[in-house]
Amino acid sequence: MTSTPAERKATWRRIYLELKRARKYLQSPGSSLGGVLVAAKRTLEHRRDVRLRIRAARHAYPALPIAAAKDSFMLVRIIGNDLEPRHRKGQSFDNASFILDNEPAFPDCDKFWIVNRIADPDEEARIVRLLEGRGQSFVRIPFDLEAYGRIAWDIDRLAAKQLRFSGKSGQSAELTPARYETLIRHSKNRYLMNNNGARNQALEIARTRAKWLMPWDGNCYLTEQAFRQIRGAIEARPYLPYVIVPMARIVENLALLDENFKPPATEEPQIIFRTDTTELFDETYPYGRRPKVEMLWRLGIPGLWDRFRDDPWDFPRPPPSADSGLFQTAGWVARLDSGRAHLEIGRAGFVARSFSRDEAIIAMLDRCDAAVISARLDPSHLVFYDEKALTAASRNKDADLRQLLRLCADQALTRGPFSVTDKTSVAPSGDRHDYFQPGPYWWPDPRKPDGLPFIRRDGERAPGTALYEAGSETYDRTRLQRLLDDTTVLALAATVIDEPSYSNHAAKLIRTWFIDPATRMNPHMRYAQVRFGHDDNEGNGTGIIELKDLYFFLDAVRLIERAGALDATERETFRSWLGSYSTWLDTAPAAVTESYRANNHGVFYDLQRASIAAFLGDSTKLAGIGLHARERLADQIASDGSLPKELARTRPIHYTLFTLQGWTTLARILTSIGDDLWQHRANQGQGLVQALHWLAANIDSRQATEAIDADRRWPLLLDLVRHDPEATIPAAEAGAAKPLFHPDEGIAPFWPWRRG
């Protein structure tokens with residue numbers, strides 16, 4: 001049996017690789033010549049099996065029904081999403097136009113197109129108009145934003161130590177940032193790009209219409225000369241059911257119009273299938289991670305992909321199929337310009353192309369996630385309090401809760417307005433507009449004359465750092481909490497009781513702290529929880545938690561704005577303050593450090609960012625927070641539902657209850673935009689419901705060793721029965737739970753009016 005030069009070259013290439021592997025094996029510990037011989041024997045047996053299969057295929061072919069069919073072809077091109085910066089925007093349209101303008105018709109070859117889940121509706125419409133205008137046959141696989149929005153992140157494919165928040169830097173040493181981000185978006189990538197799904201649909205479309213099926217990428221261009229070479233090879237060896245067509249990367253499409261142009265074709269090939277083959281592309285492989293290579297491996301087609309590195313989270317390489325080795329190589333195909341020439345040339349282009357592809361996948365999927373959230377998000381809607389509950393309370397004038405609200409609102413009328421400029425000290429910066437509060441558990445070192453640097457005494461508050469105590473007026477924490485609580489109580493009262501004095505005073509509080517240049521706070525928390533003698537007397541990020549209650553305060557601002565107590569300029573100025581503070585949270589080194597804390601601080605950091613993003617309508621940030629919450633949950637909650645890092649504290653039950661308040665509140669905000677964190681389960685079964693079950697089972701036995709307010713359990717246990725219908729709690733006791741708690745306990749004022 002004769003072989004082509006390309007096949008002889010491939011054989012020698014395989015021999016070279018086997019020898020290289022043998023040399024590497026012999027240099028490794030524990031290796032032996034016997035091991036090399038076993039491997040060599042296995043390789044020789046495989047080659048012998050392939051030769052036998054080819055010989056059997058050649059002898060059997062004349063008797064097959066397909067042998068009587070005339071050679072006919074169907075070239076199905078799949079047009080997908082432009083991925084910036086991997087591709088230039090609009091490149092898919094431009095390449096389709098180039099093909100339609102310049103590619104010749106081929107004898108006995110029909111052409112067809114698949115418009116494959118293009119997420120940009122304008123770009124998809126433009127491509128459809130092009131195909132219709134040129135009289136092309138095509139099908140459209142639609143992108144369904146709602147269906148995409150139901151696809152979860154693939155966090156469970158990672159071990160706990162590999163997750164984003166597992167280490168101080170937030171990145172596992174085993175994963176590059178790009179690899180991590182693409183891995184956790186695996187399923188989203190599969191749906192959006194749908195490479196192998198569209199290839200299989202192309203095979204299905206072509207199978208009943210032609211003898212030879214060409215499910216090719218939308219940027220593939222065939223010259224007349226190349227098609228003749230392919231057809232000639234098929235006519236000479238029709239018993240081989242697969243034809244491998246090497247690909248050449250083109251950086252200037254017009255070069256293809258020269259009939260003598262033939263570039264080196266060394267890239268990952270396209271495949272032609274005989275119609276009686278049964279192999280299908282594996283749709284579990286996503287774009288950018290070997291979707292076509294998986295088929296090349298199964299068919300035994302050698303190439304650069306044989307030397308790809310396998311990571312622990314990759315799918316195992318598939319075994320050879322029954323058709324392995326039954327292929328020939330013929331012709332070549334051009335891969336049209338991507339609009340990014342520097343990514344197509346040489347080794348440097350290959351490396352840059354990989355990084356650019358990952359970057360493009362992440363950016364595209366993030367835009368889709370943001371679009372999902374944007375379709376569900378109305379920044380004017382309350383995210384913590386329940387609109388219906390407030391409406392019902394406004395109609396029930398005799399309700400005890402309404403009467404308590406009036407009492408609290410009347411008290412709030414006697415306080416404020418509050419400003420950071422009112423404190424009797426000044427931040428280390430010297431700017432009175434900077435928020436300033438010492439760390440609560442940091443004390444002077446008695447061994448040092450000046451007490452510096454301060455030392456930590458967990459659970460023991462330093463003078464002036466506890467809310468409302470004598471001396472707290474020296475700093476800003478008490479004043480800030482009064483602002484948050486009083487504004488919220490007044491806004492709720494203005495809504496439920498409908499008295500303008502409440503909304504007017506609440507507006508004055510907002511105006512003084514955030515809007516008036518003479519009294520407003522600078523939009524950062526650089527000097528919150530300062531540990532004197534550390535970090536140049538700046539906070540290390542832990543003080544950000546002192547704005548943990550921003551979530552219910554922002555609902556209060558929404559209610560005050562509805563009442564018309566803030567004018568348009570004031571509303572815009574307030575949003576500008578929030579935007580600046582949000583940017584500080586995202587970029588300040590101390591704030592970034594806070595984001596990676598593995599205890600309650602990380603949760604309340606997410607809660608702040610989510611609250612602000614919902615208020616400002618930032619769907620991109622909200623989508624990211626939903627992801628981060630799931631990654632964080634897998635590290636913070638144990639498989640039995642406990643919170644180990646909080647249980648290790650000096651006040652374990654307090655911190656467990658406090659942290660779960662943060663988690664359940666964050667879940668409420670995400671649920672308000674259709675992102676259900678309540679039912680999420682990590683790979684060991686961890687979830688919020690499991691954590692609440694642990695609390696219900698352990699709170700009574702553990703609280704005996706720690707003085708806490710027993711009523712703190714009820715907001716959490718009511719969440720348990722709401723999200724697990726089989727759970728039960730003493731309903732009478734829960735119904736008697738008080739509506740107001742100390743702010744350190746993390747429960748919003750008048751929490752019974754919260755969302756479900």
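Reply: A salt bridge is a side-chain nitrogen of Lys or Arg within 4 Å of a carboxyl oxygen of Asp or Glu. Side chains of opposite charge can pair when their charged atoms come close. The structure shown is a predicted model, and it holds 58 salt bridges.

Consider one pair to begin with. The side chains of arginine 461 and aspartate 744 form a salt bridge, with 3.8 Å from N to O. Arginine 461 is found in the loop between β12 (455-456) and α14 (477-496), while aspartate 744 belongs to the segment after α25 (731-735), so this pair ties together parts that are 283 residues apart in sequence. Arginine 461 has a relative accessibility of 32% and counts as partly exposed. Aspartate 744 is also partly exposed, with a relative accessible area of 22%.

A further pair joins arginine 754 and aspartate 719, whose side chains meet in a salt bridge of 3.4 Å, N to O. This pair, too, links distant parts of the chain: arginine 754 is in the segment after α25, aspartate 719 is in helix α24 (residues 713-723), and the two are 35 residues apart. Aspartate 719 is buried, with a relative accessible area of 0%. Arginine 754 likewise counts as buried, at 8% relative accessibility. Because buried means under 20% relative accessible area, the 8% of arginine 754 places this residue in that class.

Some residues take part in a network of such pairs. Salt bridges that share partners join Arg179, Arg289, Arg290, Arg309, Asp310, Asp311, Asp314 and Arg317 into one network.

Another salt bridge brings together the side chains of lysine 448 and aspartate 445, at 3.9 Å from N to O. Here the two partners fall into separate classes of accessibility: lysine 448 is partly exposed, with a relative accessible area of 35%, whereas aspartate 445 counts as buried at 3%.

When neighbours within four places in sequence are left aside, phenylalanine 574 is in contact with Ile510, Phe514, Ile515, Phe553, Leu554, Val557 and Phe615.

Definitions and conventions. Residues are numbered from 1 along each chain as its sequence is written. This is a predicted model: local features need pLDDT of at least 70, side-chain atom pairs count only at pLDDT 80 or more; totals for chains, interfaces and linings use all residues. Side-chain values use heavy atoms; hydrogens and water are left out. Buried means under 20% relative accessible area, exposed over 50%, partly exposed in between (1.4 Å probe, protein chains only). Helices (H or I, at least four residues) and strands (E, at least two) are DSSP runs, numbered from the N terminus. Contact means heavy atoms within 4.5 Å.
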